Amino acid sequence: MPSLLEVKALKAYYGQTQALYDVGFDLAEGGITTLLGANGAGKTTTLRAICNMVRTEGAVRFAGKDVTGKPTEEIVRQRIAHVPEGRGTFTTLTVDENLRIAAYTRKDKGEIAAERDRVFSYFPRLKERVQQQAGTLSGGEQQMLAIARALMLKPRLMLLDEPSFGLAPLVVVEIFRILHRINEEEGVSILLVEQNAALALELATQAYVLETGRVVMSGPSAVVKNDENVRKSYLGY
Amino acid sequence: MEQFLQQLASGLANGAIYACVALALVMIYVSTDHINFAQGEMAMFSTYISWQLMTWGLSFWVAFVLAVLISFALGVLIERVILRPLHNAPVLSVVVVFIGLLAICNSMAGAIWSYLIKEFPSPFPKSSFGIAGLIGPHQLGVVLVTLIVLSLLFVFFRFTPLGLAMRAAAQNPQMARLVGVRVDWMLALGWGLAAAVGAVAGIMVAHIVYLDPNMMGGILLYAFASALVGGIGNPGGAVIGGFIVGVLENMVAFAGNQIEKVTGIYIIGNGEKLTVALIIVIFVLTVRPAGLFGRVVVKRV
């Protein structure tokens, strides 16, 4: 299967501080890949580096095109949807406006209404709240809106940063079920960063383990799941 | 009573001007967190441009539209050329640049058009109608024109994709980039729009205060007050704040005149209205620091 996203020798810096030393991985078209690691391992930074939101060196290729060093807004126009940590919504805009701004860059304006209906079929609760300000939604609903917003871009790749963060377990299960459906039904590839390693390994087909800015292990989820170090460090048994 | 209504009407006309300049200030503030001290001088410069176009033989409204368009372009240019390199600069550097911009606009206008005070025409017919005695045709025209401009802006920001993108960029620039909005261009557009709205205010007020390089000084002060009263982060609040301040200052002078008439004691009059208006503004801000329509922003530190 051809790689949708190829990351090679990725380095990233916050000011003088180097956060990534050598991160490389491939993401197959239509697959779900997860990045695991402790706090500060560089998971979030990797996602940010792909979209050039931090100072970056190395190579990022998306769908065969080199996107390294391009401005963030041009990279996401290649239909990469990034759902950042801590609910990526515009809190002072309404749900409706959040969804409209997400489709801002799309050329096929005629399709947007149909897209909205499809998004609402995943998240019926958002439909009830369509005129509400995003900041007044519950945490789970805001996360749903962030994912819905990402879908409005009709992405080929979704970068998800801690979608379970701060949410009730039942809500998390619901969101992960929807992510699974999105991957199956829409063929959207997903790169998932998640603290909840057990959940992430269940959803993903491929896993990479990061430690202090380097990939230290990789393989199919089923294999990584059974690795003794991973079990001890991240799964806790 | 009639005098009261006259004062009210002229307060609304002044308020319309303050509202425009206050809105221009707020538009730049919400997207950059900076107060553009040069906003008034930019508006003054725009007014001179329209005056120049009129002396070249264009009619008032053609000159008006052209001057507003030129101001828009100049606003975009200023952002792209002067402020772009300062995106990550400390606040003080930006403040210094704004003050420099103020001085440059002022002295350039003086150099090109001289410091002599010029008369500025009113486009509105002399003959008045209906509420004739209460509100002069120019004042009525000013209120109408600014209301039209403000409504157009409202529709633009509320209902067009570009307006939505600008609001998104102002609210959360990083997120806006992530949905593909070219945030840098949105900032430049915001500057253009602010300059254009300021131009409308300048051209409308020039007939009242006459045209000279220092014409906007006092008005900018009132506009600051308006924006603060309304809540500096709230465009609608700034507009309402403009009208409040405009009416308030006239009411202060009116009340002073009445007191003098009845008691013979002079307490306040036209000369003190700015002072009193500003005292009231400070009082409002003491009671409601975020302004009448502002929300208190809680920031995590």
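In this predicted model, the buried residues of helix α6 of chain B pack against α3 (95–102) of chain A and, within chain B, against α1 (2–32), α5 (137–159), α7 (173–178) and α8 (183–209). Helix α6(B) covers residues 161–171, and its buried residues are Leu164(B), Ala165(B), Met166(B), Arg167(B), Ala168(B), Ala169(B) and Ala170(B).

The contact between the two chains involves 15 residues of chain B and 17 residues of chain A. On the side of chain B that touches chain A, α6 and α7 of chain B each supply at least two residues. The most is given by α6(B), with 6 residues. By residue class, this side of chain B divides into 9 nonpolar, 3 polar and 3 charged residues.

Chain A is assigned two domains: domain 1 (1–79 + 161–237) and domain 2 (90–154). Their centres, taken over C-alpha atoms, are separated by 24 Å. Contact between them is made by 11 residues of domain 1 of chain A and 10 residues of domain 2 of chain A. The side of domain 1 of chain A that touches domain 2 of chain A comprises 7 nonpolar, 1 polar and 3 charged residues.

Strand β9 (206–211) of chain A is mostly covered, with 5 of its 6 residues buried. The table sets out the pairings of this strand.

| Partner of β9(A) | Direction | Bridges | Residues standing opposite |
|---|---|---|---|
| β3(A), residues 32–37 | parallel | 5 bridges | Gly37(A) and Leu210(A) |
| β10(A), residues 214–220 | antiparallel | 6 bridges | Val209(A) and Met217(A) |

The strands β9(A) and β10(A) form a hairpin with 2 residues between them, in which Thr212(A) takes a positive phi near 35°. As background to such pairings, side chains in a regular strand alternate between the two faces of the sheet.

The loop between α8 (197–203) and β9 (206–211) of chain A contains Ala204(A). Is Ala204(A) buried or exposed? Ala204(A) is buried, because 24 other C-beta atoms lie within 10 Å, and a residue counts as buried at 20 or more. Leaving aside residues up to four places away in sequence, Ala204(A) touches Ile32(A), Thr33(A), Thr34(A), Leu192(A) and Ser221(A).

Terms used
Residues are numbered from 1 along each chain as its sequence is written. Chains are lettered from A and ligands numbered from 1 in the order in which they are written. This is a predicted model: local features need pLDDT of at least 70, side-chain atom pairs count only at pLDDT 80 or more; totals for chains, interfaces and linings use all residues. Helices (H or I, at least four residues) and strands (E, at least two) are DSSP runs, numbered from the N terminus. A residue is buried if 20 or more other C-beta atoms lie within 10 Å of its own, exposed if 12 or fewer, and partly exposed in between; C-beta atoms are placed from the backbone. Two residues are in contact if their C-beta atoms, placed from the backbone, lie within 7 Å. Domain bounds come from an automatic or database domain assignment. Ala, Val, Leu, Ile, Met, Phe, Trp, Tyr, Cys and Pro count as nonpolar, Asp, Glu, Lys and Arg as charged, and the others, Gly among them, as polar. Two strands pair if DSSP finds at least two bridges between them.
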